[in-house]
There are 2 protein chains.
Amino acid sequence: MIYSCLPSVNEYLQYMTDQGGERRDLAAMLAPLVRSLIAIELPVLAAHGISMWGYAVLSTLDDSPVRTQAALAEAIGADKTRIIGTLDELQQSGLISRDPDPDDRRARLLSITPNGRKARRSARAAIQANEDRLLAELSPADRRAFLRAAQTLSTLSPEDLAGS
Amino acid sequence: MIYSCLPSVNEYLQYMTDQGGERRDLAAMLAPLVRSLIAIELPVLAAHGISMWGYAVLSTLDDSPVRTQAALAEAIGADKTRIIGTLDELQQSGLISRDPDPDDRRARLLSITPNGRKARRSARAAIQANEDRLLAELSPADRRAFLRAAQTLSTLSPEDLAGS
DNA sequence: TATTGTTATACTCTATAACTATA
DNA sequence: TATAGTTATAGAGTATAACAATA
């Protein structure tokens, strides 16, 4: 049966019922939401002088430096050729440093600068302030559960998502 | 203050704490998830002989017919020129009907056919079975809250999302 | 003249492949 | 010969603008 992978049929029926018997596809619900969220983010980021990919790079590097551009590209789910322009801009703006590894001059050691960190955190504060306004639509309990669930699902590997 | 739009500062602090003090951006969490969900959907849809946009069209028309192509395009968040090829395919496959409105022969009355409805529901069952596997990662309470929250947020108008 | 749908054009984004430099 | 980064080319997807039919 198609629903045999569920923890229990009762569970399934319960949340189907919660949805009024017609559950919408997850992707169909979330895709427009994400599109809107990004559309809202763009002008905020522009006001901080950074692009969407630039923000993704800064966010990754704010957590920890990265040894190669290819690794950075993979971390943000992009092609290595796609982030080169972004890195050029960020470097020119002084938001990241990008130096040849003395031990292997083919690789580029990437890290965020103090200015980059400042820009990223300022942008994030503005973005999350917007998100807070949306999250205020939810009950406190649902809001916490939603953030927890989003966190859980977003950290699943592509393999987990695609199925064994 | 940047967080003044929150229901209460205490609430904010509470879910920040729940996230370990470092909440990730919503878009940054959800965008890769949605990308993966769509990547999983595509082969399922292909097996049913419909494209992603075709599925969006069928889903909209399954709820109710639409009087013009422009209205349909807006409903699925696409440009009116973008869905023409999709409508051609769906019509040729006999999944939708698309007839000039007798009262205004400029407009095209769009509706789903019985075969289209069958295809859509079959595809949806397969897609939701996949999603169920992912949702099984969540606790029952979180799963219900997540679906409820996604439903709530996804039905906000772009104006609500963008802010007053 | 305005509106619906269609076609044609141009533009953006992305991936693939070729190239340079280091190893 | 293999790898990291870069550049060049081509392809997909999309939007803008011009067009045809109907009102």
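Modeller: Start with contacts, meaning heavy atoms within 4.5 Å. Among contacts in chain A between residues at least 6 apart in sequence, 48% join residues at least 24 apart. This is a predicted model, in which local features need pLDDT of at least 70, side-chain atom pairs count only at pLDDT 80 or more, and totals for chains, interfaces and linings use all residues. Residues are numbered from 1 along each chain as its sequence is written, chains are lettered from A and ligands numbered from 1 in the order in which they are written, and side-chain values use heavy atoms, with hydrogens and water left out.

Colleague: How many helices and strands does chain A have?

Modeller: Helices (H or I, at least four residues) and strands (E, at least two) are DSSP runs, numbered from the N terminus. Chain A has eight helices and two strands, in the order α-α-α-α-α-β-β-α-α-α from the N terminus on.

Colleague: What relates chain A to chain B?

Modeller: Two copies of a chain are related by a rotation about an axis and a shift along it. Here the copies are superposed by least squares on the C-alpha atoms of residues with pLDDT of at least 70 in both. Chain A can be laid on chain B with an RMSD of 0.1 Å by a turn of 180 degrees and a shift of 0.0 Å along the axis. That is the relation of a two-fold axis. In chain A, the C-alpha of Phe146(A) is nearest the axis, 2.4 Å from it. Both copies use the same surface, since 100% of the contact residues of chain A recur in chain B.

Colleague: Which residues are closest to DNA strand D?

Modeller: A residue is near a strand if one of its heavy atoms lies within 4 Å of it. DNA strand D is surrounded by 17 residues, the closest being Gln69(A), Ala70(A), Arg82(B), Arg105(B) and Arg106(B). By class, that surface has four nonpolar residues (Ala, Val, Leu, Ile, Met, Phe, Trp, Tyr, Cys and Pro), nine charged (Asp, Glu, Lys and Arg) and four polar (the others, Gly among them).

Colleague: What part of DNA strand D faces the protein?

Modeller: Of its atoms within 4 Å of the protein, 67% belong to sugar or phosphate and the rest to bases. A side-chain N or O atom of Gln69(A) is 2.5 Å from a phosphate oxygen of DNA strand D, and one of Arg106(A) is 3.0 Å from a base oxygen.

Methods
Polar contact = N/O pair within 3.5 Å; in protein donor to acceptor, adjacent residues only side chain to side chain.
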